[in-house]
Amino acid sequence: MSEELLEKVKEALKKVADPHMGISIVEMGLVENIEIEDKGETIAKITIRPTNPGCMSAARMAMDARTVAEEVEGIDRAEITVEGHMMADAISEMVNK
């Protein structure tokens with residue numbers, strides 16, 4: 001079940017494009033990890049690593065990733081972790097509010 005959900009989340013994330021490149025964050029390799037956790041609710045835990053530690057679009061991509069992941073049937077909530085960005089902690093906190 002979670003393997004199927006993982007694939008559905010990965011497919012959904014292909015809809016999120018890097019606004020500067022116009023290419024899917026999945027194709028660009030920015031999605032570092034996806035985990036499905038089930039603890040009473042099904043949570044997609046997604047780690048995104050922008051190519052540039054100062055990327056101005058990191059927050060937008062993270063928010064878009066959360067939105068599309070939460071649209072996947074069977075996912076109750078998505079948690080996005082941004083890594084390798086100079087404001088990673090602030091972006092992750094903002095996106096997951």
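What share of the 97 residues in the protein chain is buried? Buried residues make up 41% of them, in what is a predicted model.

View 1. Reading from the N terminus, the elements go α-β-β-β-β-α-β-α. The radius of gyration is 12 Å, close to the 13 Å from the globule rule for 97 residues, so the chain is as compact as a globular protein of that length. Boxed along the principal axes, the C-alpha atoms take up roughly 35 × 25 × 15 Å. As for contacts with a separation of 6 or more, 56% of them link residues 24 or more positions apart.

View 2. Side chains here include 11 positive and 20 negative ones, yet the centres of the two sets sit 2 Å apart.

**View 3. Arg66, a buried residue in helix H2.** Helix H2 covers residues 58–70. Arg66 has a relative accessibility of 16%, so it falls under the 20% cut-off and counts as buried. Its side chain gets to the backbone oxygen of Val95, at 2.6 Å. Val95 is also one of the contacts Arg66 makes beyond four places in sequence, along with Ala78, Ile80, Asn96 and Lys97.

**View 4. Lys8, a partly exposed residue in helix H1.** Helix H1 spans residues 2–13. Lys8 has a relative accessible area of 39%, which means it is partly exposed. Look across to Lys45 too: this residue is 37 residues away from Lys8 along the chain, with 13 Å between the two C-alpha atoms.

Notes
Residues are numbered from 1 along each chain as its sequence is written. This is a predicted model: local features need pLDDT of at least 70, side-chain atom pairs count only at pLDDT 80 or more; totals for chains, interfaces and linings use all residues. Side-chain values use heavy atoms; hydrogens and water are left out. Helices (H or I, at least four residues) and strands (E, at least two) are DSSP runs, numbered from the N terminus. Buried means under 20% relative accessible area, exposed over 50%, partly exposed in between (1.4 Å probe, protein chains only). A polar contact is a pair of N or O atoms within 3.5 Å; within protein, one must be able to donate a hydrogen and the other to accept it, and residues adjacent in sequence count only if both atoms are side-chain atoms. Contact means heavy atoms within 4.5 Å. The radius of gyration is taken over C-alpha atoms; the globule rule is 2.2 Å times the number of residues to the power 0.38. Lys and Arg count as positive and Asp and Glu as negative; His and the chain ends are not counted. The place of a charge is taken as NZ of Lys, CZ of Arg, CG of Asp or CD of Glu.
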